[in-house]
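I opened my notebook to look up a few spots in this protein.

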Amino acid sequence: MKNNLLKVALAQISPVWLNKEKTIKKIEKSIVDAAKENCELIVFGEALLPGYPFWVSLTNGAEWDSKTQKEIHAHYVRNSITIEKGELDTVCKLAKDNKIAVYLGIMERAQNRGGHSIYATLVYINESGEIKSVHRKLQPTYDERLTWAPGDGNGLQVHSLKEFTVGGLNCWENWMPLPRTALYGLGENLHIAVWPGSDYNTKDITRFIARESRSFVISVSSLMAKTDFPEDTPHLDKILEKAPDVLANGGSCIASPDGEWLVAPVLHKEGLIIETLDFNRVLEERQNFDVVGHYSRPDVTKLHVNRERQSTVSYED
């Protein structure tokens, strides 16, 4: 395939909720299936591994000193991913073996923050199987703050993929103008937006970011139904009591650099959504608007970005 063309796969799948081993197996199958279609990039939704904390809004997550909340949270942490322990090694090997890049939403047990708090993290693995960025969500949204910790700017990075420069943000970070600008300033022209699910998240912002940045924008969401909660989930009866039949309906989509749909939001359908992107469309749309290039005024407004990885303690041995 020509260097200006990039074949991408959007993996709209449901997790095996809060079971990291079984969810990794589904992720691995999706990577293999995408490689069989000669895809060069595959993207998975926010917190897919091992799943979004739907229980918080369904079980009075803000109740203080709740045994229910503590036990479900502990189960969540146990099934989150410690990168330093090699828990993504099989995914990296598949990326290398199949020469496919991967954006994957995980819940991360960050060792440099003690290994007990968890972060909504977007990991980029290149086509050589190397983890090149680990972006911890800057600001968990609303009830997410009851179980997720806030991240830092270290993961505001972009990566070369053929002629494209690709970067990504988690969920409502995509509504934050300054993190978007941080990626634009690094030359991003393929923006990855990952979501826990549902077209009410993706249907407006995906096209808006494309119009603002004159970039391709890929939004990937997961699926989740009431029937997807495993029977061994702690306090399952309390979760199901108020759970709707559908918690995440998908809504994965692709917008072109002119802000029009290349793939409109796909609902209630599990599997791969495959499309080919043409980099020339980026250059065409930048002709009349380039948000950090000819249509910027750095002498008037300029952004400062701190990409230092934050840690509570520094040691001198």
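**Ground rules.** The model is predicted, so I kept in mind that local features need pLDDT of at least 70, side-chain atom pairs count only at pLDDT 80 or more, and totals for chains, interfaces and linings use all residues. Residues are numbered from 1 along each chain as its sequence is written, and side-chain values use heavy atoms, with hydrogens and water left out.

**Helix H4.** I looked up H4, residues 89-98 (helices are DSSP runs of H or I, at least four residues; strands are runs of E, at least two; both are numbered from the N terminus). I found Val 91, Cys 92, Leu 94 and Ala 95 buried (under 20% relative accessible area with a 1.4 Å probe, protein chains only; exposed is over 50%, partly exposed in between). They sit on the same side of H4 because their arc around the axis is only 160° (taken from the directions from the helix axis to the C-beta atoms). On the other side I noted Asp 89, Lys 93 and Lys 96 as exposed. Which elements do the buried residues of H4 pack against? I got helix H1 and strands S3, S4 and S5 (contact means heavy atoms within 4.5 Å). Just after H4, Lys 99 has a positive phi of about 50°.

**Hairpin.** Next I checked S11 and S12, which form a hairpin with 5 residues between them. The two strands run antiparallel and are joined by 4 bridges (pairing needs at least two DSSP bridges). Ser 252 stands opposite Val 266 in S12. In the turn, Gly 259 has a positive phi of about 85°.

**Val 305.** Last, I found Val 305 in the segment after helix H8. Val 305 is partly exposed, at 35% relative accessible area.
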